[in-house]
Each structure stands twice: as structure tokens, then as C-alpha cells.
Amino acid sequence: MGRNIVEKILDKHLVEGELVAGTTAGIRIDRTLTQDSTGTMAYLQLEAMGIDKVKTKRSVAYIDHNMLQQGFENADDHKYIQTVANKFGIYFSKPGNGICHQVNLERFSVPGDTLLGSDSHTPTAGGVGMLAIGAGGLDVALAMAGEPYYIKVPKVIKVNLRGKLNPMVTSKDIILEVLKRQTVKGGVGKVYEYGGPGLANLSVPQRATITNMGAELGATTSIFPSDDKTREYFIAEDRLEDWVELVADPDASYDEVIDIDLDQLVPMVAAPHSPDNIKSCKEVGRIKVDQVAIGSCTNSSYEDLMKVSRILKGRKVADHVSLVIAPGSRQVMEMIARNGALADIISSGARILENSCGPCIGMGQSPGTDAISIRTFNRNFYGRSGTNSAQVYLASPELAAVSAIYGCLMDPRDADFDIDFSDIHVDHFLIDDSMIISPDQDPRNVEVVRGPNIKPFPLNTKLTDRLEGRIIIKTEDNITTDHIMPSNAKLLPYRSNIPHLANFCFSTIDEDFAKRAKENKGGFIVGGDNYGQGSSREHAALAPLYLGIKGVIAKSFARIHKANLINSGIIPMEFENLDDYDKIDQMDVLTIDNIYQGLKDGRLEVKDEEKNISFFVKANFNNKEIDMLMAGGKLNSIKMRNSK
Ligand code: F3S
């Protein structure tokens, strides 16, 4: 039987397990990317693994997120990333060179290869036929060290595109249509593979808008074939040698097929406050707009900004509208500067931002109180813009630019001017890789520069057969990772400084937790139901690790936090009998003996020396996890293996 594109790539990269949907398989990762916000931690983890050089075909470190933070911390982080990249054989894209996903598409994407990135919009590279997946910093660090990446083998959904988009209807409207049908939860455990005759008219940047925002479906990733359109793109980027054809076999099968008739689509928006709250412009009506923001990794390609410049040329932004534009890369910025399009944009009254994530990550340009903002970005969750009362609508660049002129949300087809985009075509992009710094060939020449904000990654110690310590905190049910390790604007610059962050561990519910943990040289945490729910934030395990926490005993755990605890060498244990939770108190001394045997048996006996009682906890782990716990965490176990 024929294979689809996803099966072809997975087959070629499989190193462990089988390709059966729903089971876990290990795949080889060819390439990685990091951005600065997650990168510092990923590189601290890489350093802790004890390898000399990355084992991937190519790894790239980008600076695009934290461009405006005040204070020295941010610049120190950038310097650290640049020098650590240099030492470990990683390419470094300087601040100002562009947003990671745009630059990756332009200069580093390769059809048929696997890419793991420490950013959720890594699937953008699926626009050229790459299997590109977003993951946590540790997973990316492990991939750089040559470890497999473990995924749940996804179901493959074919999105069959038919027909042709009408004027002023865009690829953004295609992904909004998919989000409307599938919702933000509909893609979990799935890869969306695009195909059908409608592909013939979609350029690579248009395809990348779709795969980028496929992340909002909750999908593993999205992917397009690598066809003649892809070949054209690689020729224009002067990288034909990186191009290979990759298409599904004619008799390939899929778990589900979705049909979209492109002729039937109309300009749409994602209304507040969710990317799947899709409405047509007509449904929303001509509401007055205060701000328009064009850019982000979703819609800031050369093609996007040329269309925007055509719309703005000879026209003015409405008096009450602030229009801000951030080109996706220096390639885009320089090309529109040289061909005059930038002058048309500036002349309209738009404000030009630097080539970075900017307002998408809340770095400036928060809308005013109760303001209405149209953004070409990919997320409009409540408060993400930095203004809780703002109403953010997600839309195409064409819709956004027309709305900036009219001062209201506007179906671009209703503008009283006609614009022809048909001649916007690039035979040759402007190629200048001088802001991409190649790594040093001899790592011995390189000194990693660590400002005071860069602290070593905290490593746990090997587990002994007996644990003894106090209960440093006893919490209620539903403790989130935000409770455990708050993340706010004040703490954001300290992501690479666990010793500083650890002082704020549990600070929203117990100001003295860190102090108590330090005074008692660590100990245990006792939690209720669903302990660690919320985000995948690794720091919620790393701060307790730094404070010497050896185990967490809870009624139940959230899945990802439990995995993060194991990765950190902290034992997650569950009460066998839930009533035992009520029998023990904060500051009681607990002891656990025969740990190794207990982990093998899946059950440990805990003694409360204060109350003179004992109780059993569940400790069910597979062999890999037991080895990891005994070694004191995942990094230690890899370090031990690498030093053999
Ligand atoms: Fe940056 Fe926003 Fe994309 S933060 S990587 S532009 S989703």
C-alpha cells in the first residue's frame, strides 16, 4: 500500500518502536532551532550533558523574542547564547536577522528532514515538506546531543484543497477555515497533511502561514508536499541543492479526509479571545479599530509585505489608527527597502518595528484600554496582547491593511479601490547570510561568556537507598505550575538563573517556602489532586530541585509535570489510600527506606517519624524512568552514559 508524506518521513527516521498510531516511537532529529526565550535553558541543559559538539546535521540559535527588556540580563543572555552556540557547533542568527521561523524557512529548511524547535510554531517549516515539531527545551537539548525524540505516533489527516482562492481571500483564511471546523483542541495527536489540486496556486510563504497556525489546532504538526512550487522557492533562495521532491503516493491512505473548496472561502477573522472563534468579516461588521499590527511568524514574508505596501501606496492610515509593521526577517526588510515598497509603507503613516516577534510576545505595542486591535498573528488569547480589556481579531495582512486605511474592520473586497497583486513574484531573494554566524571549528578556542544572570543548570545527586526530610509544604488540590513557579514580567528575565527564580517558588501561596526549604536542606512536598496542572513549564520542577526537594507525594499528578519531576530526579508518589493525606502535616519528618527495591515493586513505604505512623505510596515507573530517578535525573543519566 502507498504511503503518505508523514509515513515516509517517520519511516526514514524511526529508531525505536513501531509506526502504529497512538503508540510511542523514537525518531531521529536532523535539525534543531531555539529562540532566546527558551534557548538559554536548552543550552544550559546541553552543557550539563557533557558532550563536545551537537550531533545534528544543523542546529541554529535565533534571537528574536526578548529584544526590549530593560537591564543587563537580556544582553547577557544573548551573549551567552552566541558564545555557547559557537562552542557547540551551532549556527547563531543575530538579533535583527529575523524571526526564527521566517529565517529558518528562508535559509535552513529542508524537505524530508526532521526539525525539533523549542518554540510551538516550529511547524512553520512544514510549508516546504519538513516534519517540524515544537517541543520543550530539554527535548531540543537531547536532540542536539543525538538522542531520539519520542512522539506519540500521530493520526494523519488529509486536508484536500480544491479550486482557487478568490482575490483578497488568502492562505490565512484557509487555516482559519480549518480552525473553524476542527477547533483548538481538534488536532491533538494528529498531523495535518495538505494536498489536492488547490496546492498548485499556493506559494511556499502562503503554505507556511497555514502550517504555522496549524499549531493552534493543538496538532503535532502540519505539512505540505515538496513539489514544483517548493522547487521554485529553493531556486529563489539560491538553495536548489537542498530541495528534494516529496509527495504522497497516489494510493496513500489517511485516518480522515477534510475537503476545502477554496472558491467558497471568504475573508475571515478569529474574533476575541480564541483562534477558533471564526467569523466572516460580514458577520462582525464594520467595527471601529484602534490598532492594526502586521507581522509575526505567521504573516511577515516578502509576499505579505509587498501586498501590504500595494494597499498602502498613495493612501493614509486613518487618523485614529496606529498601524505597526514588523517584517519577518532582514531579507524581507532589505528587499522592500531596496525596491521602494518600504517608502510607500512609511509614507502611509505606518510605524516600522524591528525584524522580530515584537508585539506578538508582548514586547511593546500593547493596545489601549478597551481597544480593538486587528493583528496578523496566530494567537489572541485573553490578555496576550498585554491589555486585558483589549479585543484582538486575527486576520490576513490584506484585511489588516485595508482596515487600517478605513479605520474599521473591513472586508478587503469592499474597498473602493482595486489592486492587482499578480506581478508580485520573486525569482531571486536577496541573499546575505552575514548575520548568521558559523560556529568555530575548534571548540577549544571558544570561551562561553556568562554574565551574572547565567547560572549553571541545577543537577540532582544520585538517589540513595534511604530518603529522610521534612514536609516543606502541604498544598491543596489543583496546584498549577504557575503556583509552583510563577512567571511574570519581573521574573521573565531570570529564566537562565534558577538560583534567583527558586526564591519565588510557591511565593504566591507561601512566601516562606524557599526559606524553609533552604533551612531544612530540602525535603518533601505533599500535594492534593491534580498536582502540577497547567503549562509544561520545566522551571516548576527545576526550582524545587534546586531547593533540595527529593520527592512529591500527591493524591494525583498532572501528566507533564510528573514527567518533568522524573526528568529532574524528583520522585512523584501517589497516596495508595487517599485518607493518609489528612494524617500528615507540614514540617513532619518522613523517611523512606529500600528505595531501589520499592521502585521496582511500584510501591514505597513512607514513615512519619513525628506521628509514628506509616503508609504506602504508589511509585509505578518503567525501567527507563527508574534508571533516570536513581541517576538523579535525565541529564545525569545521559552524562553518565556519555562518560563511559
Ligand atoms: Fe515570535 Fe509570536 Fe511567532 S512570539 S515565534 S512571532 S508566535
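Visitor: Before we start, what counts as partly exposed here?

Guide: Buried means under 20% relative accessible area and exposed means over 50%, with partly exposed in between. Glu576 has 37% relative accessibility, so Glu576 counts as partly exposed.

Visitor: Is this a predicted or an experimental model?

Guide: The model is predicted. The protein has an average pLDDT of 95, and 100% of the residues score at least 70.

Visitor: What ipTM and pTM does the complex get?

Guide: The predictor gives an ipTM of 0.99 and a pTM of 0.92.

Visitor: Back to Glu576. Where is it found?

Guide: Glu576 is in the loop between strand S24 (571-575) and helix H19 (580-583).

Visitor: And what does Glu576 touch?

Guide: Leaving out residues up to four places away in sequence, Glu576 touches Arg603, Phe616, Val617 and Lys618.

Visitor: How far apart in space are Glu576 and Cys357?

Guide: They are 47 Å apart, C-alpha to C-alpha, and 219 residues apart in sequence. Cys357 is one of the residues around the ligand.

Visitor: Where is Ser296, and is it buried or exposed?

Guide: Ser296 is found in the loop between strand S15 (291-294) and H10. Its relative accessibility is 2%, so Ser296 counts as buried.

Visitor: What about Thr183, what is its phi?

Guide: Thr183 also is not a glycine and has a positive phi, about 70°. Thr183 lies in the loop between H6 and strand S10 (190-195). Because its relative accessible area is 34%, Thr183 is partly exposed.

Visitor: Which residues does the cis peptide bond join?

Guide: The cis bond joins Pro272 and His273, with omega at about -5°. His273 lies in the loop between strand S13 (268-270) and strand S14 (278-280).

Visitor: Switching to pockets. What volume does the second largest pocket have?

Guide: About 1100 Å³. Its lining has 49 residues, and those nearest its centre are Asn201, Gln206, Glu303, Lys307 and Phe421.

Visitor: Which elements give two or more residues to that lining?

Guide: Seven helices are listed by name: H4 (100-108), H6 (171-182), H7 (204-213), H8 (228-236), H10 (302-312), H11 (330-338) and H13 (397-406).

Visitor: And how do the lining residues divide?

Guide: In the second largest pocket, 22 are nonpolar, 14 polar and 13 charged.

Visitor: Helix H6 has a lysine, Lys172. Is Lys172 buried or exposed?

Guide: Lys172 has 0% relative accessibility, so Lys172 counts as buried.

Visitor: What does Lys172 touch?

Guide: Not counting residues up to four places away in sequence, Lys172 touches Thr209, Met213, Thr298, Asn299, Thr376, Phe377, Ala395 and Ser396.

Visitor: How far apart are Lys172 and His78?

Guide: The C-alpha to C-alpha distance is 33 Å, and they are 94 residues apart in sequence.

Visitor: What lines the largest cavity?

Guide: The largest cavity is lined by 18 residues, with Leu138, Phe457, Leu542, Asn567 and Ser568 nearest its centre. Helix H17 (539-546), helix H18 (559-567) and helix H22 (634-643) each supply at least two of the lining residues. By class, eight are nonpolar, eight polar and two charged.

Visitor: And how much space lies in the second largest cavity?

Guide: About 100 Å³. The elements that give two or more residues to its lining are H4 and H11.

Visitor: Which residues line it, and of what classes?

Guide: Among the lining residues of the second largest cavity are Glu106, Arg107, Arg330, Glu334, Asp432 and Asp433. Others in that lining include Asn97, Val103, Ser329, Gln331, Leu430 and Ile436. By class, the lining has three nonpolar, three polar and six charged residues.

Terms used
Residues numbered from 1 in each chain as written. Predicted model: local features only at pLDDT ≥ 70, side-chain atom pairs only at ≥ 80, totals over all residues. Heavy atoms only, no water. pLDDT = per-residue confidence, 0-100. Helix = DSSP H or I, 4+ residues; strand = E, 2+ residues; numbered from the N terminus. Buried < 20%, exposed > 50% of the residue type's maximum accessible area, 1.4 Å probe, protein only. Contact = heavy atoms within 4.5 Å. Near = heavy atom within 4 Å. 1 Å grid on protein atoms, 1.4 Å probe; cavity = no way out; pocket = protein on both sides within 12 Å on 5 of 7 lines; lining within 4 Å. Points joined across faces, edges and corners; volume = space filled by probe spheres on them. Nonpolar A, V, L, I, M, F, W, Y, C, P; charged D, E, K, R; others polar.
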